[in-house]
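Good morning, colleagues. Please keep the display in view as I speak.

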Amino acid sequence: MSIEPQITRTDTAHCTFELFPDHEFGGPAVRQAVDYIPPVGCPGPWSKVVLEADFSVSAGQQFDRTVRVRLGGVNILTGTTVEPARKQGATWHVERDLTDYSALLRQPEKGDAELLNIVTDQNNGRIKGAARLVFYKAAPGAQAPDVPAIVLPLDKDPVFLTASSPVLKGEVSLPRNVTRLVLDVLAMPQQVDEFWYMCMPIHYSPEMNAAQDRTCGIPFRETEMRVDGILAGIAPVFPWIYTGGFNAMLWKQIPGIETLNLHPYRVDLTPFAGRLNDGRPHHIDLSVVGARRYVVMTGTLLAWRDPGRQVVNGELVRSSGKTAAITVHQDIPVQKNGTGKYTTHADQIVEAVGYVETSHGRVETSVSQRG
């Protein structure tokens, strides 16, 4: 089973590194250690790097589970699993383009693959998986792209955000010649937050809904990122339907979009490059508006450097933006059986402008997002 488009490959020589072999996840073996070594036959630079993973679940009964693969604390795969039929198992294949993560793969790294599968007499479906990296050599007609020089996780492990602990707090110290910055963020709603898009608010005021710990609040989720306390970017939280979703007919034949391979959302933080180039530690914090219990958050910072200068000066010229203004409008009064219709509206604009003085001249970047 493979419902996502396959990664386009380059027609060049390649080599493969096995991250972990066919491993059964369950009981004490929910984690598989990964010892990565750069491939001897493909020293780089690479025209493309692709992560491939294959999983299977045996026939029987099993809940959907979360799978994560990390190298050096960097998230390189997050997905969920297929739920089997009583008399039929399933296999699936996922891929992710990791070319932009090439800097991470140029040196040995420790990592792990985690899939918490609990096997009991009732939930007896067993899940196996294997993963590998495929490196394609650069060649005429398949040049190595301009990839980031730095790949840095904001936290070595996924962070569980809740209403009482709503922020992933990251601290970074960058070299002084960074010219461009992007942040890959992945906010995975689970438990109460899994069906956030179906939440039925019990108050008109978002603040009053936020105080009701036993509800899922309002049907709105959004990731906010702050650099030294300044709102620097926003990212949507995708309404994924996992295979344990609310209606099996939505996934029984073909799982929903990205269900088996959750894609991070990339936010451009380049206007802040000049601010972060001063050689001092800086804070990059991630939070999810509306998060209750709970959203699993990962963040990976990617940075490009100027090979022609050891120090690149720059400045954040201006920035503006506030947390989304959320309003809840009741269109149809709630019925005695608890049903009803609401409209939730969020209004937000986040903008930033900055520049860096590179070896090839001043580069000014302006980023505008509307939520």
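This is a predicted model: local features need pLDDT of at least 70, side-chain atom pairs count only at pLDDT 80 or more; totals for chains, interfaces and linings use all residues.

Leucine 161 is located in strand E10, which covers residues 159–162.

Is leucine 161 buried or exposed? Its relative accessibility is 0%, and since the cut-off for buried is under 20%, leucine 161 counts as buried. Which residues is leucine 161 in contact with, once its neighbours within four places in sequence are left aside? They are Pro166, Val167, Leu168, Leu286, Ser287, Val288, Tyr294, Val295 and Met297. Of these contacts, I would draw attention to Val295. Leucine 161 and valine 295 are 134 residues apart along the chain, yet 5.1 Å separates their C-alpha atoms.

**The sheet that contains E16**

Ser287, one of the contacts of leucine 161, leads us to the next topic. Strand E16 comprises residues 282–289 and runs antiparallel to E13, the two being joined by six bridges. Within this pairing, serine 287 in E16 stands opposite glutamate 224.

Both strands belong to an open sheet of four strands, in the order E11-E16-E13-E14, with antiparallel pairing. Which strands stand at the edges? They are E11, residues 167–172, and E14; each has a single partner strand, so one side of each is left without a neighbour in the sheet. From one strand to the next, the twist averages 20 degrees.

How many bridges join strand E4 to strand E7? There are five, between E4 at residues 66–71 and E7 at residues 109–115, and these strands run antiparallel. One of the residue pairs involves valine 69, whose bridge partner in E7 is alanine 113.

**Backbone geometry**

The bond from glycine 44 to proline 45 is cis, with omega near 5 degrees. Proline 45 belongs to the loop that lies between strand E2, residues 31–36, and strand E3, residues 46–57. Arginine 293 and tyrosine 294 are also joined by a cis peptide bond, with omega about 10 degrees. Tyrosine 294 is in strand E17, residues 293–305, and is among the contacts of leucine 161.

Positive phi values come next. Glutamine 191 is not a glycine, yet its phi is positive, at about 55 degrees. Where is glutamine 191? Its place is the loop between strand E12, residues 178–189, and helix H1, residues 206–210. With a relative accessibility of 48%, glutamine 191 counts as partly exposed.

Aspartate 228, likewise not a glycine, has a positive phi of about 50 degrees. Aspartate 228 lies in the loop between strand E13, residues 222–227, and strand E14, residues 230–236. Its relative accessible area is 26%, and aspartate 228 is therefore partly exposed.

Thank you for your attention.

Note on methods
Residues are numbered from 1 along each chain as its sequence is written. Side-chain values use heavy atoms; hydrogens and water are left out. Buried means under 20% relative accessible area, exposed over 50%, partly exposed in between (1.4 Å probe, protein chains only). Two strands pair if DSSP finds at least two bridges between them. Contact means heavy atoms within 4.5 Å. Axes are lines fitted to C-alpha atoms, for helices over the stretch in contact, and angles run from 0 to 180 degrees between N-to-C directions.
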